[in-house]
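User: I am new to reading protein structures. Could you walk me through this one, step by step?

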Amino acid sequence: MFGGTKDEDEGLPGPVVLSLVLLGAMFGMAAPADGGWWPAPAALVALAVQAVHCLPWTTRLRGAWTLAAQLLLAPWSGVPGFAAASVLLLVRRPVRWVLFAVIVAGAAALAGDGGYRAANGASNALAQGLTVYALTRLFHLYAELHAARDRLAAAQVARERQRAARELHTAIGVPLAAVLRLAADGDAAAVAATARRAAARVRATPEPPPPAPAPDGPMPAPVLPVLVAVHLGYLAAGVALLLDLDLSVGQLALCLAALTIVTGLQVHHSLPRPPGVRPPGYGWTWALQCVLAAAVLFGPDGPHPQLLAFAAASALVLLPPAAGWPAFGAAVLAAGTVDATAAVDVVTIALVYYGLTLLTTLVHRVREARRALAELAVARERRRIARDVHDLLGSGLTAVAVTAELALCEPAAGHLPRAAALAERTLAELRAIPADHTELDLDRELASARALLAAAGIELRLTGAPESIPATARPLLAAVLREGVTNLLRHSRATHCALALHPGGLRLTNDRPRPGPHRPGDGTPNLTARAAAHGAALTSGPAGPDHWTLAVALDR
């Protein structure tokens, strides 16, 4: 395939597909200048004007004057389909379809007398106009979707933050508000119980919500109606041609059947499908298409290279590139043995249908890429919120509960106001988590750790100073210190702890860890992930027979 990034299709970019289709239409349909093979000057000018109407970076150049120029060139360029496509691209509904019908009818009149000439002229203008229009719309849609990938992810993340804010308010905000009311009433036991229940809820592994489907964005260009209309046009022109030939009734019936089957199979092969999905039975349907197309091409009075072009287009659409392009080349050579013009028709028609399929598939792929990017961003945001809720709110609620329990033992020591202050701090962090503004301050966390450990009767021995820590690492060490102190209070009977701060990180060691195997929760893995995101390494485990150490090394 084609595209601009490694995670998408490889192959021809959209502008190249458009350019090849425009060039093929010009060389396949325009009258040559002075009997040669090169198109007349009017056709070259029409090609340039059509490129202005189709390519996305020429928006400022197009307007009423370019449309008027294309309409004036239509009778002399030999490519009235360019004018038909320009009308569809630039004129508003419903006028554009009226003008489109007028141009198609004019192409039939300009083609000359005779049923086949008129039908062929109308069919060519119809096919060129609709396919160039559809290809242009598809490519612009691809560019629009590609540019909006990050915006979709940002919108989904914002929606996830709103959902998380609502759930956090219900699960934690309401209990914290109750803690503040109970603390104001002096009910230390109720404060401790409420904070413990909220902390247990925070530290439990939450069930992830079902993923919300990401919107697909704008609808694609009407590929299916275009395919049907173009094939009906070719079918009508083919029927008119066969009726103009001097064929017997049997030959006419066989050729009409072959024409109808090959055209129907091409519609079957070209229907828009998700990437990698091929039509059922495509192997035998393509083989049948090839046999019938060749039979008509080399049969009695058998012109009609469009049928071989359909088989060539199907080869590009259905087969892997290693097989599809050689089959395409064989079809071109087969048509060239009949007539050089037939070979040009095969190239033009095959590339048109291949281009439609390529761009349709690319729109599917970029939509899937947008959806995957949005889902990845939402999953990353959910992990970030869950980590912050566990590390920050869980530690804060545990600190509130411990402080309230100390107030039960020492009612006159001022622990309950301190518990209320910790609850207010935790409530502020709760509001900041969905907005991703939850960086902690190391100085504040150190002061809180001092007060909390002192209230619990645990002696803290500090070496080093917070000022020695690099500014970029201070939020990480603040989070590690908070979780470490919380775990110390929850999982040990410590009487002493030592905290070493230095430019290379920190080391927190406590005595008397609880006996038995240590079963870590989410705290240590969360801290490990935080440390890894900052290029640091975190270790946690026993240090000697009766000590536990939590350490962060900033230089890995």
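**A guided reading**

Analyst: Happy to! The protein chain has 18 helices and five strands; helices (H or I, at least four residues) and strands (E, at least two) are DSSP runs, numbered from the N terminus. This is a predicted model, in which local features need pLDDT of at least 70 and side-chain atom pairs count only at pLDDT 80 or more, while totals for chains, interfaces and linings use all residues. Residues are numbered from 1 along each chain as its sequence is written, and side-chain values use heavy atoms, with hydrogens and water left out.

User: What percentage of the residues in the protein chain is buried?

Analyst: Buried means under 20% relative accessible area, exposed over 50%, and partly exposed in between (1.4 Å probe, protein chains only). Of the 556 residues in the protein chain, 49% are buried. The accessible surface, from the Shrake-Rupley method with a 1.4 Å probe, is about 25700 Å², and carbon and sulfur atoms account for 64% of that.

User: Which residues of α4 and α5 make the contact?

Analyst: From α4 come P80, A83, A84, V87 and L88, and from α5 come R96, W97, L99, F100, I103 and A107. By class, the contact has ten nonpolar, no polar and one charged residues. Ala, Val, Leu, Ile, Met, Phe, Trp, Tyr, Cys and Pro count as nonpolar, Asp, Glu, Lys and Arg as charged, and the others, Gly among them, as polar.

User: And the strands: what order do they have in the sheet?

Analyst: Two strands pair if DSSP finds at least two bridges between them. The five strands form an open sheet in the order β1-β2-β3-β5-β4, with mixed pairing. β1 (459–463) and β4 (537–542) are the edge strands, each pairing on one side only. Direction ignored, neighbouring strands are turned by 10 degrees against each other on average.

User: What pairs with β3?

Analyst: β2 (residues 496–502) runs antiparallel to β3, joined by six bridges, and the two form a hairpin with two residues between them. β5 (residues 547–553) also pairs with β3 in the antiparallel sense, over seven bridges. Because six of the seven residues of β3 (residues 505–511) are buried, β3 is largely enclosed by the rest of the structure.

User: Which helix packs on the sheet and touches β3?

Analyst: Helix α17 (residues 474–491) does, touching β2, β3, β4 and β5, and its direction makes about 5 degrees with that of β3.

Conventions. Contact means heavy atoms within 4.5 Å. Axes are lines fitted to C-alpha atoms, for helices over the stretch in contact, and angles run from 0 to 180 degrees between N-to-C directions.
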